[in-house]
Amino acid sequence: MAPHASQLKSATKTVHVRNLVRRFAAKTILDGVDLDIEEGQFVALLGRSGSGKSTFLKALAGLDHDVEGTGTLDTPENLSVVFQDARLLPWRTVIQNVTLGLPGAAGQEAGRKALAEVGLEGREAAWPNQLSGGEQQRVALARSLVRQPSLLLADEPFGALDALTRLKMHDLLRELCARHRPAVLLVTHDVDEAISLADRILVLDEGRLIEDLRVDLPAPRDHGDPRFASIRTQLLSRLGVETPGRRAA
Ligand SMILES: Nc1ncnc2c1ncn2[C@@H]1O[C@H](COP(=O)(O)OP(=O)(O)OP(=O)(O)O)[C@@H](O)[C@H]1O
Ligand SMILES: [Mg+2]
């Protein structure tokens, strides 16, 4: 059985991982991953399809009880997870989805506030199927932030959205994170998304983190900035895409 996320003892580290190993049958997916994430730090995780990003995120979320593995894994108790699909309960209204498990009038108030923060004021009574994909993802963000998490784990949360909606969601996520300051681990395929949002970018390959890059550009980040382009080239090369300047899908 894998070790499961235990409550973090350190005051400044939100995530502490040492020598994390995860296997499916005879195949080792994570092969000794070490990672510390500081309070409020925004980390993006890149890696080829099948490299183990979701496996890592699920381990951090404590959602891999049936998986074999070893290692040290400390995460805060109040963490939230957002996936590519919003995973809303179709038989509950928007506000009910957001406040699930939050009792009383205080819960309702927090839910309304969170919905207003993601731009969905007035849509509390709507049903999930009455919302667009982007709006559903906003509800998922509101649901994760309403609990004021110390750690937000997001697995390609904008992967299913069109390009314009995705850019709007970047602005929203940047704004929400600046206000609430959770530590974030954002799994993405999109190199530009990672550079636009993250303080730090990791690349997972062959079961290990092969890149750990700080991004010190001022926000909002200009995609035309030569420093942006240089980080993009470096990351694409680490991902095995050798055409400089090419945008990762
Ligand atoms: N429950 C499982 N049982 C067996 N193998 C699994 C299971 N989940 C994932 N795998 C395998 O582990 C590897 C890593 O999968 P994972 O989903 O973590 O990759 P990923 O980096 O998130 O990929 P993608 O970018 O396509 O989402 C893949 O080879 C996958 O087939
Ligand atoms: Mg994945």
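A search of the whole predicted model finds zero aromatic pairs. An aromatic ring does take part in another kind of arrangement, in which the charged end of R87 sits over the ring of F83. The distance from that charged end to the centre of the ring is 3.9 Å. R87 belongs to the loop between β6 (79-82) and α2 (94-99). The backbone of R87 has a positive phi, near 55°, although the residue is not a glycine. With a relative accessible area of 48%, R87 is partly exposed, because the value falls between the limits of 20% for buried and 50% for exposed.

A positive phi in a residue other than glycine is also found at A25, where the angle is near 50°. A25 lies in the loop that runs between β2 (13-24) and β3 (27-38). The relative accessible area of A25 is 71%, and the residue is therefore classed as exposed, the limit for that class being over 50%. A further positive phi, near 75°, occurs at G62, the residue that follows α1.

The peptide bond between A219 and P220 is cis, with omega at about -5°. P220 is placed in the loop between β10 (208-214) and α7 (226-238).

The surroundings of ligand 1 were examined next. There are 13 residues around ligand 1, and those that come nearest are S49, G50, K53, S54 and T55. By type, the shell divides into seven polar, four charged and two nonpolar residues. Polar atoms of the protein approach oxygen atoms of the ligand at several places. In K53, an N or O atom of the side chain is 2.7 Å from an oxygen atom of ligand 1. In K27, a polar atom of the side chain lies 2.9 Å from an oxygen atom of the ligand. At S51 the backbone is involved instead, with a polar backbone atom 3.2 Å from an oxygen atom of ligand 1. On its own, ligand 1 has 630 Å² of accessible area, of which the protein covers 60%. Two elements, β3 and α1 (53-61), each give two or more residues to the shell around the ligand. The largest share comes from α1, which supplies three residues.

Helix α1 was also considered for its burial. How much of α1 is enclosed by the rest of the structure? Seven of its nine residues are buried, so the helix is largely enclosed. The buried residues of α1 are K53, T55, F56, L57, A59, L60 and A61. In general, an α-helix has 3.6 residues a turn, so residues three or four places apart point the same way.

Strand β2 contains T14. At 5% relative accessibility, T14 counts as buried, because the limit for that class is under 20%. A polar atom of the T14 side chain lies 3.4 Å from the backbone nitrogen of E39.

H170 is part of helix α5, which spans residues 163-180. The relative accessibility of H170 is 5%, and the residue counts as buried. The side chain of H170 is joined to the side chain of E193 by a polar contact of 2.6 Å.

Helix α6, made up of residues 191-197, contains L197. L197 is buried, with a relative accessible area of 7%. L197 and L173 are 24 residues apart along the chain, and their C-alpha atoms are separated by 8.4 Å. R147 and P157 are ten residues apart in sequence, and the distance between their C-alpha atoms is 18 Å. R147 is found in the loop between α4 (133-145) and β7 (151-155). At 35% relative accessibility, R147 counts as partly exposed.

Methods. Residues are numbered from 1 along each chain as its sequence is written. Chains are lettered from A and ligands numbered from 1 in the order in which they are written. This is a predicted model: local features need pLDDT of at least 70, side-chain atom pairs count only at pLDDT 80 or more; totals for chains, interfaces and linings use all residues. Side-chain values use heavy atoms; hydrogens and water are left out. Rings of Phe, Tyr and Trp (its six-membered ring) pair if their centres lie within 6.5 Å; planes under 30 degrees apart count as stacked, over 60 as edge-to-face and the rest as tilted. A charge sits over a ring if NZ of Lys or CZ of Arg is within 6 Å of the ring centre and within 35 degrees of the ring normal. Helices (H or I, at least four residues) and strands (E, at least two) are DSSP runs, numbered from the N terminus. Buried means under 20% relative accessible area, exposed over 50%, partly exposed in between (1.4 Å probe, protein chains only). A polar contact is a pair of N or O atoms within 3.5 Å; within protein, one must be able to donate a hydrogen and the other to accept it, and residues adjacent in sequence count only if both atoms are side-chain atoms. A residue is near a molecule or strand if one of its heavy atoms lies within 4 Å of it. Accessible areas come from the Shrake-Rupley method with a 1.4 Å probe; for residues, only the protein chains shown count as cover. Ala, Val, Leu, Ile, Met, Phe, Trp, Tyr, Cys and Pro count as nonpolar, Asp, Glu, Lys and Arg as charged, and the others, Gly among them, as polar.
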